[in-house]
Amino acid sequence: MRAAVLHEIGQDKLEVLDDVEAVGFGPGKVRIRVRATGLCHSDVSAMNGVLPQPAPFVPGHEGAGEIVDVGDGVAGLSVGQRVLVCWLPACGACPACKRGQTQLCLAGFMNAGTPNFKRPGGDVFGFAGTGTFTEEVVVDAGCAVPIPDDVPFDIAALIGCGVTTGLGSAINTADVAAGSSVAVIGCGGVGISAIQGARLKGAAQIVAVDPVESRREAALKFGATEAVSPDGLADAKQRITAGEGFDYVFEVVGKSATARTAYETTRRGGTLVVVGAGAMDDVLQLNMFELFFDEKRILPSMYGGGDVLASYERAIALWRAGRIDLESLITHRVPLAEINEALDQMRTGAALRTCIEI
């Protein structure tokens, strides 16, 4: 079986091998034939060590495909069923799930330390307990979420992570008020989805901030009212808010420097939403006076900040109704054999989302 493998953390290239085997199939598990998978920035962050991940591993967590085998004790899933991969399934029994905060369930993370694959030379892990840069993957049944027949695999893959994360940050976490002002820092696939969410909620002004010109141009097509480079943000703040700051600012980069900029760009009493996944040793500094005096809300948004199954259904309904554009998020397509080309497209900012077709 073919899969793209990172041998050591810190390497910038994946090796596509044909001697990888998906392991772990048994009771409570399903085997999925992956048909499409998106390249998310979190995959790159795991490769370079920003996000913790044992190696060697198969990246990828934003995928969709067909079930080819079902383990004993699995209900509601069958061979041939079309599914998307949920990399953070809710167990339904932990305190977070019982509180209705299923996106904070840690059960899925427990799988990250168990190898999903093996090669003749030893075990291979799957990113976030999944690993979708492969022809087949074995996951817990809860990771396989059925999708309607009219939803293409590439669209379903995006809904499995980037779209749900971005839309949810605006709809669930921030609950953007109609008529408000919004700035989104970082306009890849997740940032563009946050822009679409803010537009759906009725934001009057949506400023997209990104150093890459093509992403700024794309943001305008998805609902941003203005797009600026990072050095133009201060001017936009002055022009649009008379210097007060935006009602909502979304940090979709995952770095303390951009989070600090986002904080300073948020008005007093406004809301900073942290969407980007950053490193454990990258520390955001706030002094106690400003934290108290400015009364800004700082809201992290994990996987869209809500029930992911309900969020999937909402995204599909909005897509069907033409209220959100998901097809245009996919700006590049490559086969698995050219996965490193997709990595280059992400690192240079050339792609909003690259779909790897398997």
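Eleven helices and 19 strands: that is the make-up of this protein, 11 helices in figures. Helices are DSSP runs of H or I with at least four residues, strands are E runs of at least two, and both are numbered from the N terminus.

A word on the source. This is a predicted model, where local features need pLDDT of at least 70, side-chain atom pairs count only at pLDDT 80 or more, and totals for chains, interfaces and linings use all residues. Residues are numbered from 1 along each chain as its sequence is written, and side-chain values use heavy atoms, without hydrogens and water.

Next, overall form. The C-alpha atoms fill a box of roughly 60 × 40 × 40 Å along the principal axes. Of the 358 residues, 55% count as buried, meaning under 20% relative accessible area with a 1.4 Å probe, protein chains only.

Now the aromatic rings. There are three aromatic pairs. Rings of Phe, Tyr and Trp (its six-membered ring) pair if their centres lie within 6.5 Å; planes under 30 degrees apart are stacked, over 60 edge-to-face, the rest tilted.

Take Phe57 and Phe127. Their pair is tilted, at 6.3 Å centre to centre and 50 degrees between the planes. Phe57 sits in strand S5 and Phe127 in the loop between strands S9 and S10, so the pair ties together parts 70 residues apart in sequence. Both are buried.

Then Trp87 and Tyr303. Their ring centres are 4.6 Å apart and their planes at 20 degrees, so this pair is stacked. What does the pair tie together? Parts that are 216 residues apart in sequence: Trp87 lies in the loop between strand S7 and helix H2, Tyr303 in the loop between strand S17 and helix H10. Trp87 and Tyr303 are buried.

Note on methods. Buried means under 20% relative accessible area, exposed over 50%, partly exposed in between (1.4 Å probe, protein chains only).
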